[in-house]
Amino acid sequence: MTDMAPGTAARPEQPVFELLDVEKVFQVRPPGSIFSRRTVGLPALDGVRLKVRRGASVALVGESGSGKSTLLRVLLGLDEPTNGRALYNARPIGEMRRAGPAFARDVAMVYQDARGSIDPRMNVGAAIAEPLRHFGIVPPGEIPGRIAELLDRVGLSPDTALRYVSGLSGGQVRRVAIARALASEPSVLVADEAVSGLDVSTQAQLLNLLRRLQREMGLTLLFITHDLGVASYLCEEIAIMYLGRIVETGPTDAVLAAPAHPYSAALRKAAPEFSAPITEPLPGEIPSPLNLPKGCRFAGRCPRAAADCRDVDPELRSHGAGRMVACLHPLDAP
Amino acid sequence: MAAVTDMDSPTPAPAAATGPGRRSSLFLRRPFFTIALLATLAYVGAAVFAPWVAPYDPVQQSIDAMMAPPGPAHWLGTDSYGQDILSRIIYGARYALVIGLCSVLIGAAGGLVIGLAAGLAGGWVEWALMRVIDSILALPSLIMAVAFIAILGQGVDKVVIAVGLSMIGPFARTVRADVMQVRVQLYIEAARLMSIPRWQVIARHVLPNVVFPLAVQVTIRISEAILVSSSLSFLGIGVTPPTPDWGLMIAEGRGFVAFAPWMSAMPGLALALLLIALSILGDGIREEYDPKLRGGS
Amino acid sequence: MSSAALLEVEDLTLHRGGNRILDHVTLSLAPGETLALVGESGAGKSTIATALMGLLGPKDARIEGHARLEGQGELLGMPERRWSKLRGRRLSMIFQDAGSALNPCFTVGRQLVTVLRRNLGLSRTAARARALELFERVGINDAEARLSAYPHQLSGGMQQRVMVAIALACNPDLLFADEPTSALDVTIQAQIIRLILDETRTRGASCIFVLHDLALASQSCDRIVVLYAGQVVESGVTAEILEAPRHPYTAQLKSCVLEIGTRDLDPPEGSVGSYAAMPKGCRFARRCPRALPRCAEERPPLVPAPDGDRALACWNPL
């Protein structure tokens, strides 16, 4: 996010992550062609700009097909951007990852499929010991003690170390995944839908855990989610994605109180809310990135689309305090 | 926000039924498995304690008791040389089990190396290895074993090697399939994300997840190895007489089926029972310990 | 509403593998009404729906109690032959994962036409015309072309629309919708819920939703039934229940719902736990902040409240 609070704007602080017009194009076979070897470019990310301050909590929100998973892979250095620059502490992420374990140690990941992210033939203790040993966090003799400490920090009893993920409940597995991510003493925690698909009470327990950890440990939290409620509970800042691009960013409360982009507004309205009638939903579905329209990519579904929207592709522009929006006719212009 | 910190509680242990400790005994749940296990143990016992269990010397010929039908002196009768069939079957269990186990281990080891190499290398290495394996798999393992015997010659050790080599193909194929499946698992990506070196990922995450299904395969394929080795003996190109090998015994009795059927039937029955027991055992182990079949996890 | 009820379920109890999965579930549904079964995973919500659809045979579970469908009489214990006459015609169901509920080998049009021909005895051309009309009704653009699409060629939202079309093909009286949108994006979720509500309303059909999202239930259903570990703890008119929940579990469930702008959550500790180790009495007693000594021992009956149209099973209500 660009210089979010007025207080921090004076201090030119180094962002942890900085994405400068990142593009990621995958070469795919066009649908329906079985025999042809011809491929076409599928732009999963198209001109993404994002700054993440140290210690910030940022929610990346988007529906399926918005490119948030690809953005995540770029941030983790698993995919190189096709164009543009993805920086971590002012150095290219790919370079940092190749340079040694320091990046991997500092940026930890909690997967949506927490169960699948842990080797089923390792017990919980061994799974947590792996990063401890690999990064040399503590001397070998102190590993069992540190495992117990980490389990305690995520609210699990120390004897969980002897169990296997197949015997744990969904909520417990997520806690184990968080403990494992924290083992390397990271400063950045990236979580991909870390609380989705759980019962509300379990989800609430985990959200509180994550919020507490983020505050106590001063973590930079990057939280990928589709749920605006989760974003508003956990993250101070929000970035809303649509079809491979960030369409709106800013402080979560401000953005959700008065969304400027019509897509953010539609997402906001679609979120279930007690005793509010179900609103007229957004028409249609997210189009394929293979045939993007010429102008604004949201124009086809946008209730406010004007003639110029179909010609001009809007850039992400400043929109009030700490906010940016990519729309020619934003709602509630300041 | 003070309330936030004190509410985070551990979820208590879920259903104890999912833990390994509380499941009802394997033997009660699987009666056939238990019977098969006991039968297999009986064969192993017979093989180990053959000198003490067998009533006669397996190669002692007796002119007075040639082709004696089953009776009190010779429970399963004698063969055309007057050798006691029961004793020969008991000693034969040694050959069957040792040949079966050793050849399967050779096949599994070879298959593991080739399958891992193919599954991990990718590219043309994988392509070349898999085409070789495909061409091997095009022939039944018995034909392969016959071909290897033709090169190696006869004898117990040669049979072990020939049968072992003939089984590399199927093992390599399943190992490769498992490697391909493990390679794309999220925990492999998670390890990669931690910048754990490739060889460590292979040793710590790929290998254990591939070796276990392989061990299950070994138990299932022992019976196949025994069958192939017995077939070689039956064809007269495996172990040499007077070794008390079941395949050989069946072959020897073939000419006398009309008037001394026990000569072939008894070792045949011994072979069949062992193969059935081993199959049930292998299936049971697979169903019990293979997470893919167990579902849920 | 007893005489006019479309469906009346009384003391539905279901055992599976030695565990009592449903424990004396009682609910009723008026014609044209929408009802939500809410609760956490393992509460037995989906089991109720599958049991009432006759999808659980004697091998799957032991079912006791009564379920009466208006004009049909007792459902439980019916032979499969009669169930299959009922399913699709009077009862139908929409599943959570439309992608796996549809047969991947046939075009969606053919699947819909098959249903129409078998249940309504339409000719091939009539069924095809009807299918086209249904596709248009459920908001499938370019319906003609989509009829000959295979399920995998459609998006999740489109697949769910096809499911809705198939489920409503024969104008059922009662539609079960088992988490129809939990696999979908939020904007698509709103579309599908609205579609189901609009379509059932115009046909005068009743609908039982199985939902884990209390907020969504409050938006879409007239009445709710709150379940905990196979027991009905509270039921009644949605607005009344959510306005002033009387069962401690309902209150907790409501307090865990995350809305935009929620600042603090106070979730209950622990989790539901194993069915094998349930207390004799109220199954929530172990986690209940208001539990009395008798709660774990004695099962509180589901009694209709004197005020308003609701029922409650609690010894120490709020």
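## Helix α7 of chain C

In this predicted model, helix α7 of chain C covers residues 156-168. Helices here are DSSP runs of H or I with at least four residues, and strands are runs of E with at least two, numbered from the N terminus. At 1.5 Å a residue, the 13 residues of α7(C) should span 18 Å, and the end C-alpha atoms are 18 Å apart, which agrees. The expected span is 1.5 Å times one less than the number of residues.

Twelve of the 13 residues of α7(C) are buried, so the helix is largely enclosed by the rest of the structure. A residue is buried if 20 or more other C-beta atoms, placed from the backbone, lie within 10 Å of its own. Among the buried residues are C:Gly157, C:Arg161 and C:Leu168. Their cover includes strands β6 (91-94) and β7 (174-178) and helices α4 (108-120) and α8 (186-203) of chain C.

## Contact between chains C and A

Chain C and chain A each put 35 residues into their contact; residues are in contact if their C-beta atoms, placed from the backbone, lie within 7 Å. On the side of chain C that touches chain A, α8(C) gives the most, with eight residues.

## Record for chain C

UniProt lists residues 7-254 of chain C as "domain: ABC transporter" in an unreviewed entry; such annotations may be inferred rather than shown by experiment. The span is 41% helix and 26% strand.

## Basis

Residues are numbered from 1 along each chain as its sequence is written, and chains are lettered from A in the order in which they are written. Local features need pLDDT of at least 70, side-chain atom pairs count only at pLDDT 80 or more, and totals for chains, interfaces and linings use all residues.

Terms used
Contact = placed C-beta atoms within 7 Å.
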